[in-house]
Structures are given as structure tokens and as C-alpha cells.
Amino acid sequence: MTEAPERYVGGGIRRKEDPALVTGRANWTDNIKLPGMLHASVLRSPFAHARITSIDTSAAKEQAGVVAVFTGDDLADEYEKNPRDNPAAVTGYDLSLHERSQGSASVTDTADNTDGEPVDEQTRTFVAWIVHEELKIPNHWPVARGEVNFAGDIVAVVLATDRYKAQDALEFIEVDYEPMGVVTDLEEALEEGSPLVHEDFGTNEAYTWDLTNGDIDDAFSRAEITIKERYLQQRLIPNAIETRGVVATPEPTKGAFTIYTSTQIPHILKAVLSSYCGFPEQRLRVVAPDVGGGFGSKLNAYSEEVIALILARKLGVPIKWIEDRSENYLATIHGRGQVQDIEVAADSEGKILGMRVKLLADMGAYLHLNTPGIPLLGAFMYPGVYTFPAYSFECTGVFTNKTPTDAYRGAGRPEAAYAVERIMEALARETGLDPAEVRRRNFYEPFDEPTDTPAGIQYDSGNYQATLDRVIELADYEGLREEQRRRRENNDPVQLGIGFSTYTEICGLAPSQVLSALGAGGAGWEMAKVQMLASGNVEVITGTTPHGQGHVTSWSQIAADALGVSPDDVEVHHGDTAIAPYGRDTYGSRSLPVGGVAVHMAAQKVVDKAKKIAAHMLEAAEGDIEFEGGRFSVAGSPDQNVTMTDVAGAAYLADNLPEGMQPVLSEEVFFDPPNFTFPFGAHICVTEVDTETGFVKIRDYFGVDDCGPIINPTIVDGQLHGGIAQGIAQALYEEAVYDEDGNLTTGSMVDYLIPGAPELPNYTLERTVTPSPSNVMGVKGVGEAGTIGAPPAVINSVVDALSPYGITHVDMPASPWKVWQAIQDSQGRDAGTRDADRSGRPAQGTDSADAMGPGEGSTNPDEPTGGERV
Ligand code: MCN
């Protein structure tokens, strides 16, 4: 690892972003007001699946302030004014025009529009991650044509002089729908005779993808213990503070447009919109102003962005659309939504011999940018921190009449960590080993260079024992077990649970070749430009797009240390394709291990050039020049020196540079790492479970995480706090529930429970540092780590508290109802043998016999929230 000067890196300097954010001086998309701007509002389908038989917009057009109303058919010719020969070659993505022959050849007739005109022969889609050559890609029109496929699909757009007038006019649009069969359940969707989301495919199966490594059948035939479990990953709704919003405006240059949008991916979006709408890419500028969070949901190209752009082009005026919170719940992507069948084979000592995983993954009604690829980010992570000889994985993507799914913090990896960490508990139970011990028996030995995994990839570095040992110490594990024993013996109505999670994850999304091999379109590099102005002050231009992660601060620290200046002298520019034409944006905890490292490398290049100039100025050999604290001096003669500022001035004036050297100090780097990074950690969640009410309180939460060397400990703590909070939210509170007609019944924050500060504990966090060989700084990402580590720690804790009842599983979210019902069920089934009192408490000395069997008794179909859980 290259040594970086340690002045600011590693220090918890305050976030430079915050003064503007906390004093109302941030520039959100909704703050943008442009002359002549029209406001768009969209009408959304109330049906999850229906044919549109007619749309009458005449009354809406008569409403005060309304300028225009458009249906899907009205806009059908607007998307692609100047079709490009090969969008994929230009953007790195093959986005908008997939041949419609995939999956089924006889499909064009069903794509007729309502006027009976056949639509073009190509599929219009936002999907970029083509996981499989047989992937079925449905037509995804920004405004529906002929058919709606989920409640929330856009059926018409109103443009008016203000947002309220546009919204009011929606009520005057008359749409006749002919309801069609609805499917919301993943298993039902695959049954013969199920309603089809896209009839032309003849199936709801979007794809099946598999992976096998080692002799999996042999592993299971040799095993003394086999365990099979089914876990459910409920759907989650991402809740960024700022909802989505977009302003598209024509620029004075003919044919040029700027789009301001609340996005995580201005660069990728530029390529997508250019391709989808047939815009010359060089005339499109995408700006992500201040963005109030995304958590993966803004890692997408959305219909409303296309609508704003094509209408700005059609009418020649700025068009603005701002999402309200109800729309956010319906129409911004959802996360998770999987049925996980997992099996392990082990010997009697608890050593794993093999693992089989079968997933059903809910795609929802359409494929968004990465929808089919999200479960595959988990495919490589089910083995977790455990090494064993054989592994098989199979995932089937399933269409349902629900909001499309895509990346939500962790994206595929929380699902994997949950399944493996839950089944490790089952293995501990089966072998009678302590949960910590069964984990230790299966850990890798500590390693600091790439090491093969059961899934056929290579982890970069790891020391899982160290994090587990430390978290056990930190939590006083022995003391906790002692307290648990006391409570059990005293028949305490509030039982104590201790839950482990030892996780790793794949992040720092990166190697272009690997991403390409997975069908994700490649291009995992990141760009950074570092330029010293004549004054010696610094500008950093980055291709990352922070929306809460503090890159301005972190990148300032990195550049400041390399260049010997103060972070206050560094300005970081991001999120504007006119300033940073190249970039691969922010997601997959990639920004530091790829983009931050690129900043470091570019700054080093500046120093290297400056050193040559300094040598020239000091009339010394370059090899004799030392650089420290912003000063170049001649080795052994410290008085002979020039400052970095002197050198920057000389480079700018260019009147006395070494022969042949170009002026100014400005260096650009494109960094494409050789591997991902794999942060890891060990968490212990301590819960108090009220056996009379089913209420779960998280009493303590301990975490020891390792994301390599730290740039800013305050930011890392913040990332972990937020991430763990989101993991706890999945474990105990949040769930998107649909009724059988495909209505989202948790359509507001009243029904969709987001925990606030009172529900969350104080976290006790520490870190170990295991540098990654994937980059010169040794850093690993941390943005999703908490969300990945937390859910199994919480559920393991709840189940641990309930183990005297023989309860072996409670599905997420472990609501008071589910916990209470699990207790009732366990007593009902075991009434003859269990000596529990009427309050539902376990009797003294009750053992943890498996009354319900692994995976059984965990779903509670009578739960009052009702609806489809996955
Ligand atoms: N960091 C550090 N030292 C490390 C690792 C990280 O100081 N060893 C710092 C970095 O310098 C950066 C921050 O932690 O300032 C996060 O870096 P990284 O782990 O590279 O993650 P990204 O910046 O790529 O952020 C993406 C990640 C993801 S995928 C989601 S989802 C997520 C998250 O970040 N969404 C967020 N954190 C979020 N935080 C906020 N406030 N809002 C969101 O929407």
C-alpha cells in the first residue's frame, strides 16, 4: 500500500457540505424556477393490470392553466427523433432498443396501440443489466400504451402553468379500463394458468440464472447434517428525504438541453436518455443538484425524466415535474422481494461441506435499469465469511403486477447475508454449538491477498476472527448469556436475546471486465481530475455523485494530504456532466474504493509533475527532491526549498519550465480496479422481547466493522449508523404490502412503518483495519455495510430470546403481532409437553427443543396487515 501523508485522512474533520444543508442554502431540484416553465403532473393507473380501452382528455384540456394533455399514444413518436445506429457502442449500455424477438417470436400483435396501429418492432426499455441472453424484456413506455401493468403506471400527462393546476386537471381525464387478471405472489406467478403480466411472453418467468462451483451433490451425500430453510425477503420502499424531481430545459444552443434531476447517476442517465430519446449525447447536460438521499432508488432512469425531456423538446420550454410522497411509494422502485430456499450440508462438527440456494426474485411489472441483476449481486455472497468446497445458486426472476424492484441499499447482499446468517443459527442449534463457535469453525484463516471463495470469485482480504473476538469482548458476551440465564430461570416476561451476524459484502463496484461478463454493461472505472490553480488552491473534479455520503469532505481530505494543502483550499465539483463529462456515479459503495482512489492517484500525478518543476527551480536532481508539508526541498539542504504554491504559480506562468513540459498542474486519472472490495464485520444485537405483547426492544447494538483504512471516521460512523438503522427497519418494521388486486396497502408513512430515533438504540461501534489489495489506498466501501450486517443480527436475537419456546424462526418484519403469534403457535402445538404459564412465559428450565421445525411456523397468514408479503 502506498503511504499517504496522514494529515487529514483519518481525522474526523467536519463535513464541508453541512453548513449549506442545515441553513437552507442547498439547491434542491424543486428550488429551480425558470422563465416560462410549465409544470407536469401525471395520471397513474388505479388498476394493477388492465387494458386501456379509451382515454378522453378533452375536459382536462379546458381547465384553467392547462396548456396540454398527452396520452401514451400522443407521445409515441416523440421518443426517438434521431435514432442512433448503435446506442450500446456509444453508451456502454444497450438500453432502449432490444430486438423484440427475445423469449417469444410472435409478440408484435399484442403491442398494438389503442388506434389499432402496430407499434415498432423493437422493445422500449430502461433495463441495462442483461443478465441472460434469454432475458424477457417487456416494453416499458414512459406513458402506457394500451395496457397498464401495475397500480401507478402512468397513463397521461398534464402540463399547466403551475403544479396545482396540473394536479387538479388530472381528475378531468376519463380513462376506461378493462381489468385483467392480477398476479402478486411469486410462486403463483409461476404456476400454470396464472394471469400473465406480459401475455406475449407466455410466462411470468423473466429469466433463470445459475452458478455451480464444486461437487454439490457429493457434498450433500457425504453430509451428516443437512438443514433446509425458507426465508422471505419482504418488499421495502426506499424513503429518501427528497422525493424525485426533474426540470428539463432547452438551451440557447440549438438542439441542446439541460436536465436537472434528483439522481444518483447523472452520467449514466445522460447515456440512457440520449439513447432512449435519440438525443445527440454531446448536446445533453445532466445536472444532479443537491440530492436528498437515494439509497439506490435514484440509481435509475425514470419515465418522468424521459417525459420532461421530450416535452421540453416538443414545446421548447422548461418542463418541471416533482414527485409527491404517495407517488414515491407507488412509482419509485422498491427493494428486496425474494423467496429464499437455502440448504447447507455439514459434518457433525459443524463444518460446512456445501450450500444450495434457490431464489425467486420479484421483478415487479417492468425491468428498470438493474432489476434483473440485483439478485445476482447476492449470488456471490451467500457463502459469506465461510469457506467450503461446493456451492450452487439459482435465481428465477418473476414478473408480478407490482411496482418494479431495483437497487435498494445493499441490493442483493442484505438478502444473502440474512439467509446465510440465519442458517448458521440453525446449524448451531443442530450441532449444539455456540453460535460464535460454529461461525469460527467455518471462517477463512486471516488473509491479505485475493483468496478463492465457494462462489468462484476472490475476496480481497479478511480477518473475520478479529472482528468477532472484539465484538464479543465489547458486548460482554458472557455477561449477556448470564443475564439471559437469569431471566429464563426467573420466568421473566421480558426475555433477553443475543443475535450474531458475521458478514462480508461485495462492493466498490468496479472491474469493468467482470461487470461486463455479468451482463451489467461494463464500465466500472471512475474518473478524477485534480488541478492546482495559479494561487495554489485546488479543484477536484470527480465522476462520483454524492447524495449524502460526504464526498466533498472526503475527497478534500485525500487531495489535501497528497498536495500538502488544507481541505479548505480544495473545492470538489461533481454531479454535472458539463463539468465532469466522464463518471460512473455513486452506488454499490464504490465511490471511495474507485472514485476516491482516483482522486488520490490524480493528486499524486500532480505531485510528481510538481516535483520535476521544483527540481528545475532549485537546480537540483529530481531524485534529490523531498516533498513534505506542502514544501519541496533538496535532501540534506532543507533551506533550499520552494512551496507547492510557488510551483503552481511557476507551472501556470510557464516561463521557466523544464524542457518540453506542458504548462499548469492538472492531471486526470481513470481508475479501473482489478477487483471489488469486501468489507466485513461482526455485529451483536441485544433485544428484550416482551413475551406478553410480542414487542421487541433493541437494548444494545454492538458492531466491529472493517472497511480498511478510514478517510473520515465521523462520516464512516454516520454511514454505519444510517445503514444499521435501515437494517433494523427491515428486521422489525418495514414492509410493502399489496392486496390480492395489486393495490399497495402500505401507501403512506402511516401504514409503512419507518423507525425513528425512539425505536433505535445507541450503537457501540469499533473498527479493525485490514487493507484491501484492490487499490493503492487499501480502502474498502462502507455505505451499505450496516444494512447488510444488521437484519440477521436482529432476527437472530429475537429468535434467541424465543428459543425456550422452541421457536426457530420469525419472518421479517418481526412485528409484535408475529412474535406474539409465534409464541401462541408454539404453545398450541406443544401444549402437552411444555410447562408454560398462561402469560406465555417459558417454564423454568424449558429447553430449546425445536417444536416447529426449521423454517416452519414462521409465516403468519392471519397477520392483520394481510396481503402478499413478498
Ligand atoms: N469512507 C471513509 N473510509 C472508508 C470507507 C468510506 O471515510 N474506509 C467514507 C467515504 O469517503 C465516503 C463515505 O464514507 O465519504 C461513503 O463511501 P463509500 O462506502 O464508497 O460509498 P458511496 O459513497 O459509494 O455511497 C454509496 C452508498 C450506497 S450504495 C447507498 S445505497 C447509500 C449510502 O452510500 N445511500 C445513502 N449511504 C447513503 N447515505 C446517505 N446520507 N444517503 C443515501 O442515499
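On a 1 Å grid over the protein atoms alone, a cavity is a set of points where a 1.4 Å probe fits but cannot get out, and its lining residues have an atom within 4 Å of a point. Keep that in mind for the first stops of this tour.

This is a predicted model, in which local features need pLDDT of at least 70, side-chain atom pairs count only at pLDDT 80 or more, and totals for chains, interfaces and linings use all residues. Residues are numbered from 1 along each chain as its sequence is written, and side-chain values use heavy atoms, with hydrogens and water left out.

**Confidence**

Colour the chain by pLDDT, the predictor's confidence in each residue, from 0 to 100. The protein chain has an average of 91, and 90% of the residues score at least 70. Now select residues 83–120, where pLDDT stays under 50. The model has 78 contacts (heavy atoms within 4.5 Å) beyond four places in sequence for residues 83–120. Residues 830–870 also stay under 50, and for them the model has 98 such contacts.

**Cavities**

Searching the whole structure gives 5 cavities of 30 Å³ or more. A volume here is the space filled by probe spheres set on the grid points, which are joined across faces, edges and corners.

Select His 140, Phe 150, Ser 303, Ala 331 and His 368: of the 14 residues that line the largest cavity, these lie nearest its centre. The space inside the largest cavity is about 110 Å³. Its lining has 6 nonpolar, 4 polar and 4 charged residues. In these classes, Ala, Val, Leu, Ile, Met, Phe, Trp, Tyr, Cys and Pro count as nonpolar, Asp, Glu, Lys and Arg as charged, and the others, Gly among them, as polar.

Next, select Arg 336, Gln 338, Ile 374, Thr 405 and Asp 406, which lie nearest the centre of the second largest cavity, out of 15 lining residues. This cavity holds about 80 Å³ of space. At least two lining residues come from each of β15 (335–346), β16 (352–364) and α11 (374–379); β15 gives the most, with 4 residues. Such helices (H or I, at least four residues) and strands (E, at least two) are DSSP runs, numbered from the N terminus.

**Two sheets**

Two strands pair if DSSP finds at least two bridges between them. Select β6, β2 and β8, which in the order β6-β2-β8 form an open antiparallel sheet of 3 strands. β6 (147–148) and β8 (174–179) are at the edges with a single partner strand each, so one side of each is left without a neighbour in the sheet. Strand β2 (residues 50–56) pairs with β8 over 6 bridges. Zoom to Ala 50 to see Pro 179 in β8 opposite.

Move on to the open sheet of 4 strands, ordered β20-β28-β29-β30, with mixed pairing. Here the edges are β20 (494–504) and β30 (763–767), each with a single partner strand, so one side of each has no neighbour in the sheet. Strand β29 (residues 696–706) runs parallel to β30, and 5 bridges join them. Phe 702 is opposite Thr 764 in β30.

**Two backbone details**

Most residues other than glycine have a negative phi, and most peptide bonds are trans. Select Asp 476, which is not a glycine but has a positive phi of about 55°. Asp 476 is in the loop between α14 (464–475) and α15 (477–489). Finish at Met 812 and Pro 813, joined by a cis peptide bond with omega about -10°. Pro 813 is in the loop between α21 (785–802) and α22 (816–830).

Conventions. On a 1 Å grid over the protein atoms alone, a cavity is a set of points where a 1.4 Å probe fits but cannot get out, and a pocket is an open set with protein on both sides within 12 Å along at least five of seven lines; lining residues have an atom within 4 Å of a point.
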